[in-house]
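Student: I would like to go through the labels attached to this model and ask what each one rests on.

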Amino acid sequence: MYKSPFLWRTLKAMRQKKGVIFMTKTVRKGKIILSTFLFLFAILFSTEGVSGKEADIQLKETEFEDIQLLQWQKSDELYEMNIQLPIFTTDALNAQMKKYMEEQITAFLEAIDGHVTSKRPGNLYITVDILKSGIGLYSLVFSEQIYTGGANWNDTNTVLLADVEKDQFMQQANLFQDVVKAREIIRPLVVEELKKDENLDGYLLEDQIEKWLRDPDYQFQNMYIDCANKRLGFIFDKYEVAAGVVGMPQVYLPLDEKLFSLFKDTWQERMQQCQK
């Protein structure tokens, strides 16, 4: 097997960094995934300037052959950060993941400056659910729990749709034949499910729901595709449509023939296994 000199210099450099742990099966079918090591190399050295203890890094397998999971932890007297990040076998997707991580860290460190103490340190805790959404298509549902001082934590989400075949992220709205029609059909169904959820009874914010329902620029950015359960999922930020006590509400719509027909033909072909 050909051993790229740059790859092995990169690997050696990473192994010399404390806290880097390679979990089992980081080698697939006898071939080292070059993009994985280059991505780790970039993460290690782009976060070196962040003060605090050396970062702990673990690389784990997922149930998907073309995705691994990076677990990155770093702590200091004034903060703790724990981040999960998918790693793909393609460069453009990994570049976007690195950008997402750097933006989250930068925003967090700026927000805690002067607002936290060693007794009440800041916290950035990001987890991700990876869902199969079609052939070469994955939904990444990030949950971001952030404490930057004060009385409350802030819970937000980021939903990304990764097209591994084309090495790019897709905007959810672009999957539909007619996004205006999709809004008219799907949003009332989502609101109906919110109102049927007993856990949300008495906590829904009607004005906020109405605002979301009427937003002319809504791009389905909180929608993900769950092929395993043949449904569409919708996740909302804390306080977006309900009182903070319920956290981030989620509702689901069965991906039946009516909803499935709203997607473009090319996406219907790739999402065939997702249809109810």
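The questions below take up the chain as a whole and then two of its residues.

Tutor: Bear in mind that this is a predicted model. The protein chain has seven helices and 13 strands, and of its 276 residues 47% count as buried.

Student: Why is Ala 55 called buried?

Tutor: Buried means under 20% relative accessible area. Ala 55 has a relative accessibility of 10%, so Ala 55 counts as buried.

Student: Where is Ala 55 placed?

Tutor: Ala 55 is in the loop between helix 2 (34-46) and strand 4 (56-61). Its C-alpha atom is 9.8 Å from that of Asn 82, and the two residues are 27 apart along the chain.

Student: What makes the pair of Arg 187 and Trp 212 a polar contact?

Tutor: The cut-off for a pair of N or O atoms is 3.5 Å. A polar atom of the Arg 187 side chain lies 2.9 Å from the backbone oxygen of Trp 212, so the distance is within that limit.

Student: Which residues is Arg 187 in contact with, leaving aside neighbours within four places in sequence?

Tutor: They are Ala 182, Trp 212, Leu 213, Arg 214, Asp 215 and Tyr 218.

Methods. Residues are numbered from 1 along each chain as its sequence is written. This is a predicted model: local features need pLDDT of at least 70, side-chain atom pairs count only at pLDDT 80 or more; totals for chains, interfaces and linings use all residues. Side-chain values use heavy atoms; hydrogens and water are left out. Helices (H or I, at least four residues) and strands (E, at least two) are DSSP runs, numbered from the N terminus. Buried means under 20% relative accessible area, exposed over 50%, partly exposed in between (1.4 Å probe, protein chains only). A polar contact is a pair of N or O atoms within 3.5 Å; within protein, one must be able to donate a hydrogen and the other to accept it, and residues adjacent in sequence count only if both atoms are side-chain atoms. Contact means heavy atoms within 4.5 Å.
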